[in-house]
Amino acid sequence: MTKITKHQVKRRDLLKGAAIAGAAAIAPAIISRSALASSGEINILMWSDYLPKPFIADFEKETGIKINYTGIGSNEEIINKMKATKGQGFDIVSPTNNQGLEWGPLQLLQPFDMKRVPVANVNPAMTNIGTKDWDFDGKGSHWLPHIWGTEGVAWRTDKWTPAGAAPSYGDIWSEANAGKTMGRPHSMMLCAGLYMETIGELNPGDMWKAYESEATMRPIWEKVTAWCIDRKKNIKLLWNDADTQKNGLLNEGVIVGQTWDGPPMSLKTAGDPIMYQAPVEGAMAWVDGLAMPTGAKNVDQIYEFIKFSYDPKNAGKAIDEHGYNSPVLGADGFAGEAYKKNFADAYPGDSLSNLNPWPPQAPWYAEIRTEYVNKFKSS
């Protein structure tokens, strides 16, 4: 099982080539589009905050293609919908980079025609994920990078302050914050394990060893689950999408939570008293992608969407709205100062060299993890 190493997601690698972006890095012939080359519609199943309204409006105006957008909040929703429909109903879905081992055996995706994809516009370390982890049966890449980000710690700056230079995953579970914290069950449990490694409750590296086999995983997750159940009373809110994260911080009394980077950063940009930062244990890093189901009907429209999304100007405007990050080279040059400040605030010091990439996840791992998550939720 191939893992994405930490150095592969350092800022200098994530934005490799950005310093030489421009005419030499992005050939005009590659990004050019014939105006209104397609018409009709495209059906997209994607994370609920990834396509801002201005982005959709610009795309529809430029191409004449109508976007039918169905928002989701988890990889499980994407897989379950595609299983239920046998790959029908959507033209684009958006699985996370570590899901390849689950999607391959399902045979619900088709490979991209890379000659129709402006790959020169995109960070090669991220496009290589598709080549490496999503080339099913030697048919080529079934996945393209779309948005990357992290999961770390957000808090109300008017109601809470980290004890040190950075917050900790342990702050989510602490007695001091009891009844005022939130997280997503499966990821907050994994990150509780990372915290447990730092306090001697687990051995260093245990949470990554758990990906090796069921025999290795179970004793580790038994300890994590018992630890989390003992502290479940301290958790105010469990979330599964971006809106719930925002509402928790603004309206539900949450003062500190484990969140994605985009939702709190968008609140911060809007002037709310919110901060997001990579914790001392390291933020969890992911890349959400674009994939084409076997039942996709609007193929020409799919490639128009990809070309539009891989234009640095369009990508830059999008990250200004949703608060995540883009794999498109030079996109950050089209984002505003608020985005740049948010990025600097979120990843100070050596935070980017301390990221924890989500490892490739085998079907057996997902099944066993769900078992322990359900045990925690029902406790």
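Is Asp300 buried, partly exposed or exposed? Asp300 is partly exposed, with a relative accessible area of 44%. Here buried means under 20% relative accessible area, exposed means over 50%, and partly exposed lies in between (1.4 Å probe, protein chains only). The model is predicted: local features need pLDDT of at least 70, side-chain atom pairs count only at pLDDT 80 or more, and totals for chains, interfaces and linings use all residues. Residues are numbered from 1 along each chain as its sequence is written, and side-chain values use heavy atoms, with hydrogens and water left out.

Salt bridges come next. Side chains of opposite charge can pair when their charged atoms come close. A salt bridge is defined as a side-chain nitrogen of Lys or Arg within 4 Å of a carboxyl oxygen of Asp or Glu. By this rule there are 13 salt bridges. One of them joins Asp300 to Arg116, at 3.0 Å from N to O. This pair links distant parts of the chain, 184 residues apart. Asp300 sits in helix 12 (residues 299–309), while Arg116 sits in the loop between strand 4 (109–110) and helix 6 (124–133). Helices (H or I, at least four residues) and strands (E, at least two) are DSSP runs, numbered from the N terminus. Arg116 is partly exposed, with a relative accessible area of 33%.

Lys233 and Glu175 form another salt bridge, and their closest N and O atoms are 3.3 Å apart.

A salt bridge of 2.9 Å, N to O, joins the side chains of Lys341 and Asp345. Both lie in helix 14 (residues 337–346). They are four residues apart, about one turn of the helix. Asp345 is partly exposed, at 22% relative accessibility. Elsewhere, salt bridges link Glu214, Arg218 and Glu371 in a network.

Asp288 presents another case. This residue is found in strand 10. Asp288 is buried yet has no salt bridge. The nearest side chain of opposite charge is Arg184, 8.1 Å away. For charge, Lys and Arg count as positive and Asp and Glu as negative, while His and the chain ends are not counted. The side chain of Asp288 does make a polar contact of 2.4 Å with the side chain of Thr96. A polar contact is a pair of N or O atoms within 3.5 Å; within protein, one must be able to donate a hydrogen and the other to accept it, and residues adjacent in sequence count only if both atoms are side-chain atoms.

Empty space was examined next. Rolling a probe the size of a water molecule over the atoms shows where empty space is left. On a 1 Å grid over the protein atoms alone, a cavity is a set of points where a 1.4 Å probe fits but cannot get out. A pocket is an open set with protein on both sides within 12 Å along at least five of seven lines. Lining residues have an atom within 4 Å of a point. Grid points are joined across faces, edges and corners, and a volume is the space filled by probe spheres set on the points.

The largest pocket holds about 480 Å³ of space. Its lining has 25 residues, and the closest to its centre are Ser74, Glu76, Arg184, His186 and Arg369. Helix 4 (75–85), helix 7 (185–198), strand 10 (284–290) and helix 15 (363–377) each supply at least two lining residues. Helix 15 gives the largest share, five residues. By class, this lining has nine nonpolar, 11 polar and five charged residues. Ala, Val, Leu, Ile, Met, Phe, Trp, Tyr, Cys and Pro count as nonpolar, Asp, Glu, Lys and Arg as charged, and the others, Gly among them, as polar.

The whole structure has five cavities of 30 Å³ or more. The largest cavity has a volume of about 100 Å³. Among its 13 lining residues, His146, Ile147, Ser309, Ala315 and Ala318 lie nearest its centre. Strand 5 and helix 13 (312–322) each give two or more residues to this lining. Helix 13 gives the most, with four. The lining of the largest cavity has nine nonpolar, four polar and no charged residues.
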